[in-house]
Each structure stands twice: as structure tokens, then as C-alpha cells.
Amino acid sequence: MAQGGPALADGPIYLDYNATTPVDPRVALAMGPFLTHWFGNPSSDHPYADEPRAALATARARVAALLGADAERIVFTGSGSEADQLAIRGAVLASEAARPHVITQVTEHPAVLETCRALERLHGVRVTYLPVDADGLVDPGRLAAALDADTVLVSVMAANNETGALQPVSELSAVAHEYGALFHCDAAQAAGRIPLDVRDLGVDLLTVVGHKMYAPKGTAALYVRAGLALEPVVYGGGQEYGLRAGTENVALAVALGTAADIAAAELADGAATRIAALRDDLHRRLATALPGRVHLNGPEKERLPNTVNISIDATVGHELLAAAPDLAASTGSACHRGRHTPSPVLTAMGIAPERALGALRLSLGRWTTPEDISTAATALINAAGAP
């Protein structure tokens with residue numbers, strides 16, 4: 001396993017990998033030559049284009065391999081939000097429905113929710129926002145009840161960014177396809193952390209994001225099933241199969257491809273099992289030291305191996321983290337003018353405001369060690385006021 005480099009050397013214990021990941025030194029090394037030496041435009045017809053063009057093709061193939069897809073089905077974008085917009089807006093505007101209908105769910109990432117709201121506002125699209133159960137999961141039966149003849153697209157994420165809850169994507173996509181609707185899945189949190197295969201999932205569109213798997217910010221990709229028509233997100237010179245114009249950022253594509261290749265190798269080597277063991281150890285330490293006070297938010301089993309979202313009785317999340325300065329993690333609450341409000345995700349799951357305000361999202365990653373877990377647990381236990 002590569003070392004985490006200087007980014008994590010002198011700071012607090014980092015348990016916020018769901019927010020962003022440090023750039024893997026191997027990724028930085030791979031992309032470097034395309035910032036300094038191999039500068040050519042991959043569309044040019046001279047030798048300066050040869051290396052960038054070949055590197056772009058290799059990167060596309062590596063991202064595809066992580067997803068069980070063919071290389072020509074991968075479209076590089078500048079962010080996960082852009083990929084989501086290309087999928088959702090692209091499918092709706094390319095459809096022939098008189099009044100297109102889109103279905104999503106209430107705990108989606110804002111990149112999906114705000115794209116849907118924009119389509120409602122600007123194009124008169126009907127959008128249904130499905131509720132979730134106490135674990136944050138969508139019921140396939142509710143989806144079936146919401147589908148109609150005008151439904152163009154269903155968009156449901158693979159894994160929730162706050163709780164790690166894994167949606168039943170293959171079941172949901174099968175229901176959508178019964179009604180002739182396309183299925184998009186934002187897999188930003190899942191890609192590289194659990195095995196994903198677009199054929200097994202049955203998805204038509206799937207988003208992956210570089211900075212969630214140890215590549216720099218500003219690089220992402222959308223898987224687009226063969227034969228699928230989308231309205232472009234950027235118009236121009238026809239790059240990325242005409243869906244996202246602009247001269248390709250080869251260095252960032254190489255970074256994403258390298259990150260995907262490393263993630264595939266680590267998944268094959270059992271990385272998810274190692275991370276899950278550390279996650280469960282952290283939960284056990286807290287529950288043992290704070291008996292009866294620690295409550296898991298979200299499913300116990302069907303969740304990402306790196307994520308634990310807990311509430312500790314008689315604590316407020318942001319105050320708890322402030323009292324544990326040697327730990328970098330997140331709460332689910334939002335702060336507006338100094339006033340904290342409960343997480344919309346936890347609220348949609350039916351969790352009471354007091355418990356939601358106490359929530360902590362602790363997300364582990366490639367360089368989390370057993371020593372980190374011990375230190376983090378001690379810091380939180382002390383901050384929570386163990387008896």
C-alpha cells in the first residue's frame with residue numbers, strides 16, 4: 001500500500017474520506033508528465049499528439065474496467081455534478097415525451113436534486129421525489145407505483161454520502177426498465193470502495209468522481225450505455241463523443257484512470273474487508289465506552305465498508321468535533337448564520353431532530369490505520385464525557 005504522503009503526516013486523524021480523498025502519490029506521479037512534457041492536443045495530427053492521445057485512450061479503458069464497461073462508453077467530465085447533469089438533463093432533453101417525467105429520491109446528492117428542480121422550473125418537467133425508509137432506502141414497490149408512460153428517467157444513487165446506505169440499484173433499475181424508463185446511478189461514493197459492474201446493476205448511466213477515489217478534484221466520468229441518445233452538456237468541437245466539447249484535460253483523465261486502476265487492484269486484494277474491520281472496531285470502541293448512548297444511523301449491513309454514521313446521546317455533533325481537535329470528520333447538520341439545522345438525509349429517514357443534530361459521519365480510507373482508530377475513539381469518548 002502506498003504511503004499517504006505529506007498531506008496526512010502532521011494533521012489531525014482524517015476520517016472524512018467521503019468528503020474528499022488525498023491524492024494518491026502514484027496518481028500524482030502518473031499525471032505529472034502531461035502537465036510538464038506531453039502537452040499536445042490529442043486531436044492534432046502530429047507527433048506531439050501521439051502520447052496524449054494514447055494516454056487518454058488508456059485512461060478511458062481503465063475507468064471502464066473498474067465498472068465492467070467498454071472503453072468507448074466512458075465520457076470524461078469536469079466533476080460529478082457535471083456528469084449528473086449530463087445524464088439527467090441530457091436524457092430528458094433528448095427524449096420525445098410530450099411532458100417528460102423524472103423520478104428520483106429525497107436523499108439524493110444536490111447535484112441530482114438541483115438538476116431536477118431546474119428541469120421543473122425551466123422545461124416544465126414533472127419530477128417525483130420518492131421517500132425513503134428508516135434505513136434511507138428506496139422501496140422498489142414505491143418506484144413501480146410512481147412510474148408512468150411519460151417517465152423518461154429514474155435517478156437513484158448507489159451509496160448515500162452521509163450514512164453509506166447502499167440502494168438496491170439492480171432491483172430499482174429492473175423496475176424502471178419494465179416501464180421503458182432509463183436508469184441513472186450516481187456512484188460517486190461507491191466507485192472504488194465496493195465492486196461495481198454496470199451490467200449486473202442494469203444501469204444506463206453511471207457517474208464516477210475522481211476526488212472520491214484519490215484523484216484530484218475536477219475530474220469525473222459518466223458511463224453511457226451503447227445506443228443511448230443524450231443532449232450534450234457542452235457544445236463545440238465534438239470531443240467526448242460529442243457530449244462534452246472542449247480540448248480534453250489529459251492530465252486529469254490520466255489521474256482518474258490511474259486511480260481507477262489502483263482501486264480495482266485494491267478491491268481484488270480485499271481492501272473493502274480491511275476497511276470494514278476498522279470501521280466496526282471504531283463503532284465497538286465507542287459503544288463499549290459509552291454504553292446505551294451510541295446509535296447507528298442507517299443500515300447495519302447494507303452500507304459502504306468505510307462509513308459509520310452515529311449519534312451519541314447528550315451531545316451535539318459540531319460541538320463534539322470542536323472538543324476533539326485531533327480528529328477531522330463531519331456532521332450531517334448545516335450551519336446557517338450560526339444556527340445548526342438537522343441533516344435533510346437523516347430527517348427524511350425519520351430521525352428526530354435532537355438525534356440528527358448529534359450525528360457524526362466518520363468515513364475511513366486507504367491510509368486509515370488501527371492506531372488512527374484507537375486515537376479517534378479515545379478523542380470522541382473524552383469529548384462525549386464518558387462516565
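This is a predicted model: local features need pLDDT of at least 70, side-chain atom pairs count only at pLDDT 80 or more; totals for chains, interfaces and linings use all residues.
## Overall architecture

The chain contains 14 helices and 15 strands. Its C-alpha trace spans about 70 × 50 × 40 Å along the principal axes. A compact globule of 387 residues would have a radius of gyration near 21 Å, and the chain agrees with this expectation because its own value is 21 Å.

Of the 387 residues, 55% count as buried. Among contacts with a separation of 6 or more, 72% are made by residues 24 or more positions apart.

## Surface and charge

The accessible surface of the chain comes to about 16200 Å², and carbon and sulfur atoms contribute 53% of that area. There are 29 positive and 42 negative side chains; the centres of these two sets lie 3 Å apart.

Strands of a sheet pair through backbone hydrogen bonds, in either a parallel or an antiparallel manner.

The antiparallel pairing of S9 with S10 extends over three bridges. Histidine 295 takes part in this pairing, with serine 311 in S10 as its bridge partner.

With a relative accessible area of 11%, proline 305 falls under the 20% limit and so counts as buried.

Leaving aside neighbours within four places in sequence, proline 305 is in contact with Arg193, Ile194, Ala272, Ile275, Ala276 and Arg279. For one of these, alanine 272, the C-alpha atom is separated from that of proline 305 by 5.9 Å, although the two residues are 33 residues apart along the chain.

## Loop residues with positive phi

Tyrosine 214 is not a glycine, yet has a positive phi of about 75°. Tyrosine 214 lies in the loop between strand S7 (205-209) and strand S8 (220-224). Its relative accessible area is 8%, so tyrosine 214 is classed as buried.

Alanine 314, another residue other than glycine, has a positive phi near 65°. Alanine 314 lies in the loop between S10 and helix H11 (317-322). Here the relative accessible area is 77%, which is over the 50% limit, so alanine 314 is exposed. Thus tyrosine 214 is buried, whereas alanine 314 is exposed.

Definitions and conventions:
Residues are numbered from 1 along each chain as its sequence is written. Side-chain values use heavy atoms; hydrogens and water are left out. Helices (H or I, at least four residues) and strands (E, at least two) are DSSP runs, numbered from the N terminus. The radius of gyration is taken over C-alpha atoms; the globule rule is 2.2 Å times the number of residues to the power 0.38. Buried means under 20% relative accessible area, exposed over 50%, partly exposed in between (1.4 Å probe, protein chains only). Contact means heavy atoms within 4.5 Å. Accessible areas come from the Shrake-Rupley method with a 1.4 Å probe; for residues, only the protein chains shown count as cover. Lys and Arg count as positive and Asp and Glu as negative; His and the chain ends are not counted. The place of a charge is taken as NZ of Lys, CZ of Arg, CG of Asp or CD of Glu. Two strands pair if DSSP finds at least two bridges between them.
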